[in-house]
Amino acid sequence: MASSSFIIKTKLITSDSTEKFIEKFTKIGVNPDLTENMELNFEIDKNLDRLDCCLTLASPEDAYDITEIYKDCYNGTYPYKEMEDPVEVQKMILNKNYYWVLFRTPRGKTIGCFTYVLNRKQKKGYMRGLLVKKKYQKITNVKKLMIGSMIGMWGTFKNIIYIWYAECRTAHIKSQYLANICGIKPLAFLPNKDIFLNNIESDIFHTIYSEKVLSSLRKKNPVLIPEINKIYSFIQKQYNLEEANYLEPIVQYDFNLDRKIWNRKSVKIYEEIDKFGYHKVIIKILETDSNIKFLYTPTVENIEKIKYNVNNDIELFVLLKELKRYASEKKVRYIECFVSAYKPNHQRIFCDVGFKVRGYIPSWKRVITPSGELFEDHIIFNLEKGKLNPKLQLIPEAEKIVDLVY
């Protein structure tokens, strides 16, 4: 059982950056090395009589244990079915962009895990699936295990990953609370995005940054439509950003051209479906390089990971209308897209097509410029169907976001 002489207060853990977070723990002797059995030689607030675990990175032979953790925590209902397939999990472990931090008892039994997915090109890391088997949830310190995972991963990849983000459930406040005390702040609301334990759920989008990605590497002076004023002003105060430029753009909708595109059948859909049912979709305007790409996941009835390339406003308008038509045919409940904070025409078109502003994410997208790399702000837009769960559970910081954008 745990017995540490060093105690750190919860209120002292919260940090403005990943560097400051790591520094607090390395100062007290925590070694952020997950290649060995990483020990957590500290307690939070007070010594607790809890089972103490060490942390380590998963190897291919741990794939079966990981799938069993997912099955145990979600009663076999986890909608992303590759996570219940040991062969698929093993492939991911062998991929340099997927990491699992495992929680192991002193006797070497794996009782939980935390998943990290890296996008090295964009210098972003996605954190998901903080899970501990049911029988161990009350006898281990989950808060400490999460913090230990952050120390290990953020420390290991401090020169590779500048932005870490998570989508926290709203069926309870646990993940929101744990993220927030580490400095992973809520920045957006994703209404009715997911399905967990067979229930439709909303998520809160949380992010933490490396110091330089919000200062010297951030592209400043966003140009925003008026609808974004409230959420930007809130994020601006949180991160001490500059004033935005507000503009009401004039979008020249050419409905004659719109009809010509349809009449000539110039819009075509290309679709690939993998063995887990994920649909990779591209909608193209023929004889141009304009297109919109996205992932449709039937098990959660949503569309996300949207990327688009257009030559003009009317092409974006046409592609978004076709996206909505596709979504209607598939009975999709939720669509999500990140839109540049420097293209007010695109922001206006998304609003005109029916999308809603749900959050503002500073320094979200890495771009290469003649003078080097920069990180551009983005707005989260989405469309959703259905009423919100009346039992939405939110920490106070998340409540503020929901009040601003919903």
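**Figure 1. Helix α8 passes helix α9 in a right-handed crossing.** In this predicted model, helix α8 covers residues 313-330 and helix α9 covers residues 344-353, and the two pack at an angle of about 35 degrees with their axes 10 Å apart. On the side of α8, the contact is made by D313, L316, F317, L320 and K324, while α9 contributes N345, H346, I349, F350 and V353. Sorted by class, the residues in this contact of α8 with α9 are six nonpolar, two polar and two charged.

**Figure 2. Helix α6 and helix α10 pack with their axes 9 Å apart.** Helix α6 runs through residues 229-239 and helix α10 through residues 396-405, and the angle at which they pack is about 155 degrees. Angles over 145 degrees count as roughly antiparallel, and α6 and α10 are therefore roughly antiparallel to each other. The crossing of these two helices, α6 and α10, is right-handed. The residues that make the contact are K230, I231 and F234 on α6, together with K400, I401, L404 and V405 on α10. By class, five residues in the contact of α6 with α10 are nonpolar and two are charged, with no polar residue taking part.

**Figure 3. The axes of helix α4 and helix α5 cross at roughly 50 degrees.** Helix α4 is made of residues 142-156 and helix α5 of residues 174-181, and their axes come within 11 Å. The passage of α4 across α5 is a right-handed crossing. The contact of α4 with α5 has seven nonpolar residues and one charged residue, but no polar ones.

**Figure 4. The largest cavity of the model has a volume of about 60 Å³.** Cavities of 30 Å³ or more number three in this structure, and this view shows the largest of them, which is lined by 11 residues. Among these lining residues, L51, D52, C53, N141 and K144 lie nearest the centre of the cavity. When the lining of the largest cavity is divided by class, five residues are nonpolar, two are polar and four are charged.

**Figure 5. The second largest cavity has a volume of about 50 Å³.** The lining of this second largest cavity is formed by T18, E19, I22, W154, F157, K158, I161, W164 and S210. Helix α1, which spans residues 18-26, supplies the largest share of that lining, with three residues. By class, the lining of the second largest cavity consists of five nonpolar, two polar and two charged residues.

**Figure 6. R366 lies in strand β17.** The strand in this view, β17, extends over residues 356-369. Although R366 and R218 are 148 residues apart along the chain, their C-alpha atoms are separated by 9.1 Å. If its neighbours within four places in sequence are left aside, R366 is in contact with K121, Q122 and K123, and also with E373, L374 and F375.

Technical notes. Residues are numbered from 1 along each chain as its sequence is written. This is a predicted model: local features need pLDDT of at least 70, side-chain atom pairs count only at pLDDT 80 or more; totals for chains, interfaces and linings use all residues. Side-chain values use heavy atoms; hydrogens and water are left out. On a 1 Å grid over the protein atoms alone, a cavity is a set of points where a 1.4 Å probe fits but cannot get out, and a pocket is an open set with protein on both sides within 12 Å along at least five of seven lines; lining residues have an atom within 4 Å of a point. Grid points are joined across faces, edges and corners, and a volume is the space filled by probe spheres set on the points. Ala, Val, Leu, Ile, Met, Phe, Trp, Tyr, Cys and Pro count as nonpolar, Asp, Glu, Lys and Arg as charged, and the others, Gly among them, as polar. Helices (H or I, at least four residues) and strands (E, at least two) are DSSP runs, numbered from the N terminus. Axes are lines fitted to C-alpha atoms, for helices over the stretch in contact, and angles run from 0 to 180 degrees between N-to-C directions. Angles under 35 degrees count as roughly parallel, over 145 as roughly antiparallel, 65 to 115 as roughly perpendicular and the rest as oblique. A crossing is left-handed if the near helix is turned anticlockwise from the far one by less than a right angle, and right-handed if clockwise. Contact means heavy atoms within 4.5 Å.
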